[in-house]
Amino acid sequence: MSAKEGVEKARAEAVALALITEHWDCNIPIDPEDYARRLGLRVEHCENLGLKTGVLDAEHLLIRVNAHVAPEHRRFAVARELGRFCLGYGEPEKGTDNPRGLNVHPERDRAAEAFALALLLPAVALKAMVEVRNVKDPVALRQAFGVSSQALYQRLATLGYFL
């Protein structure tokens, strides 16, 4: 990971923590659509996103989510696109289009994903589940937080937990 990427990921986690601190009612799973609404964004579940799980239209304050993916993937997509919005990644940079017409921003993508993980799996809640309630079963944790196995393992690793 480059130094710039590390800074962006740390900023993303700090922004997610600020949002959690301001709005979280201490219940899990966290509803990312509720956070989007609080920030003035609409969330639409769409049938025509193809392989994309979610898309941010910052100009119209809209997050479009693929209605055909699993609920935990929709939740992550909303949280990730909310991260793009909160981090100011709503508008593509000029000159970054690849030949297939997709904007590629690996650093921004990883930062938005770090935001989503921090929002959906707050460190304090994960610590309480693992250390206080002694929940070590990944399936129980995944279900409690409403996330995929991949999201759970990424967040656990970030926080230094290895189940």
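## Close-up views of the predicted model

View 1. Is E8 buried or exposed? With a relative accessible area of 17%, E8 falls under the 20% limit and therefore counts as buried. When residues up to four places away in sequence are not counted, the contacts of E8 are with Y89 and A111.

**View 2. The largest nonpolar core of the model comprises 42 residues.** The residues with the most contacts inside this core are I63, L82, F115, L119, L141 and F145. Two or more core residues come from each of α1, α2 (32-38), β3 (62-66), α3 (71-86), α4 (106-120), α5 (123-132), α6 (138-145) and α7 (149-158). The element that gives the most to the core is α4, with eight residues. As general background, nonpolar side chains in soluble globular proteins tend to be buried together.

**View 3. L141 is one of the residues with the most contacts inside the largest nonpolar core.** Which residues does L141 contact once its neighbours within four places in sequence are left aside? The partners of L141 are L126, M129, V130, V135, L152 and L163.

**View 4. Helix α7 carries the buried residues A151, L152, R155 and L156.** Seen down the axis of α7, these buried residues fall within an arc of 130 degrees, so they line one face of the helix. An α-helix has 3.6 residues a turn, so residues three or four places apart point the same way. The buried residues of α7 pack against α1, α3, α4, α5 and α6. Just after α7, the backbone of G160 takes a positive phi of about 85 degrees.

**View 5. The second largest pocket has a volume of about 180 Å³.** Its lining consists of T53, E72, H73, F76, A77, R80, E113, S148, Q150, A151 and Q154. The elements that give two or more residues to this lining are α3 and α7, and α3 gives the most, with five residues. How many residues of the lining are nonpolar, polar and charged? The lining of this second largest pocket divides into three nonpolar, five polar and three charged residues. A151 is part of this lining and is also one of the buried residues of α7.

**View 6. N134 is found in the loop between α5 and α6.** The backbone of N134 has a positive phi of about 60 degrees although N134 is not a glycine. With a relative accessible area of 51%, N134 passes the 50% limit and therefore counts as exposed.

Methods:
Residues are numbered from 1 along each chain as its sequence is written. This is a predicted model: local features need pLDDT of at least 70, side-chain atom pairs count only at pLDDT 80 or more; totals for chains, interfaces and linings use all residues. Side-chain values use heavy atoms; hydrogens and water are left out. Buried means under 20% relative accessible area, exposed over 50%, partly exposed in between (1.4 Å probe, protein chains only). Contact means heavy atoms within 4.5 Å. A nonpolar core is a set of buried Ala, Val, Leu, Ile, Met, Phe, Trp, Tyr and Cys residues joined through side-chain atoms within 4.5 Å. Helices (H or I, at least four residues) and strands (E, at least two) are DSSP runs, numbered from the N terminus. On a 1 Å grid over the protein atoms alone, a cavity is a set of points where a 1.4 Å probe fits but cannot get out, and a pocket is an open set with protein on both sides within 12 Å along at least five of seven lines; lining residues have an atom within 4 Å of a point. Grid points are joined across faces, edges and corners, and a volume is the space filled by probe spheres set on the points. Ala, Val, Leu, Ile, Met, Phe, Trp, Tyr, Cys and Pro count as nonpolar, Asp, Glu, Lys and Arg as charged, and the others, Gly among them, as polar. The arc is that of the directions from the helix axis to the C-beta atoms.
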